[in-house]
Amino acid sequence: MNILDKIIEQKKIEVAERKAKKSIEELKQSEFFGRETLSLKQFLLDEDRTGIIAEFKRKSPSKGMINGTADVVEVTSAYRANGASCLSVLTDEIFFGGSTEDLIKARVNNIPILRKDFIIDEYQIVEAKSMGADVILLIAACLTPEEVKRLAAFAKSLSLEVLLELHDEEELQHICNETEIVGVNNRNLKTFIVDIERSIAMSKKIPADKIKVAESGISSIENINIFKQNGFRGFLIGENFMKEADPSKAFATFVSQLKNQSTRT
Ligand SMILES: O=C(O)c1ccccc1NCC(=O)[C@H](O)[C@H](O)COP(=O)(O)O
């Protein structure tokens, strides 16, 4: 069984357990459930922002422990203060060391937040809204096109936006009217092989009216420039900042290089 299959098996168990503990009606009582959500689409189209979706990621199946000491409020606040367009917060505990608490704490920041998890059920979408997220991730590799359409429509009904994640050409059929933001993951989630060229190859095949996001393995300003030249508006980056002892400083340095570079061109 590959890692993605293992994660999904575990998700099914967790979701069933959480449903038994807390009903949808109870989730809706959260102070965040009624808040007006922020639009990732608008933040990515804003030319004055960096387009970076900055991820808070403690560990991962491909790298093991990345950062066991970083403070979620400190790091996400620095991401926001230095120009992140969106925060991505892992809420999966077992494989990524994240939590619902992390996302709730990151909500001190007034920019869109992506609930980074493996969504297979409407219940998790209600949870996302109840913890203060603005955007959910739907991964084509673990859903059918029909499931994507159904879950995306449900998210939309709660005023949440959807980042649809693809990896290869076969998954292009998952794109639908309900998915306006389409990401290409440069990391194959089954083999962990990262290939930046994935995004470039896929960019030409994604319909022009979709907002494109390049994901994973991004570590240089050159990477971002190539993605921009290929029509990408968003760049999802985690490990490059989180692997440093001071992710806040690493992010600020990266953004300052990005800005210096764009004033010179
Ligand atoms: O990162 C992993 O090892 C991983 C393994 C299995 C499923 C998903 C995985 N990562 C999720 C992501 O998509 C990344 O966290 C995200 O794109 C940021 O990537 P990076 O900048 O390379 O940390």
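The model is predicted: local features need pLDDT of at least 70, side-chain atom pairs count only at pLDDT 80 or more, and totals for chains, interfaces and linings use all residues. Numbering runs from 1 along each chain as its sequence is written. Helices (H or I, at least four residues) and strands (E, at least two) are DSSP runs, numbered from the N terminus.

Strand β6 (residues 135-139) is mostly covered, with five of its five residues buried. A residue is buried if 20 or more other C-beta atoms lie within 10 Å of its own, exposed if 12 or fewer, and partly exposed in between, with C-beta atoms placed from the backbone. In a regular strand the side chains alternate between the two faces of the sheet. Both faces of β6 are covered: V135, L137 and I139 are buried on one side, I136 and L138 on the other.

The pairing of β6 comes next. Strands pair if DSSP finds at least two bridges between them. Strand β5 (residues 113-116) pairs with β6 in the parallel sense over two bridges. V135 of β6 is the bridge partner of L114. From β5 the chain crosses through helix α6 (residues 122-130) to β6, in a right-handed β-α-β crossover. Right-handed means that, with the strands pointing away from the viewer, the path from the first strand over the helix to the second runs clockwise. Strand β7 (residues 161-166) also pairs with β6 in the parallel sense, over five bridges. Here I136 stands opposite V162 of β7.

D195 lies in the loop between β8 (181-185) and α8 (197-203). D195 is partly exposed because 13 other C-beta atoms lie within 10 Å. The C-alpha atoms of D195 and I218 are 9.8 Å apart, and the two residues are separated by 23 residues along the chain. In helix α4 (residues 72-81), the buried residues include V72, V75, T76, A78, Y79 and R80. G83 follows α4 and has a positive phi, near 105°.
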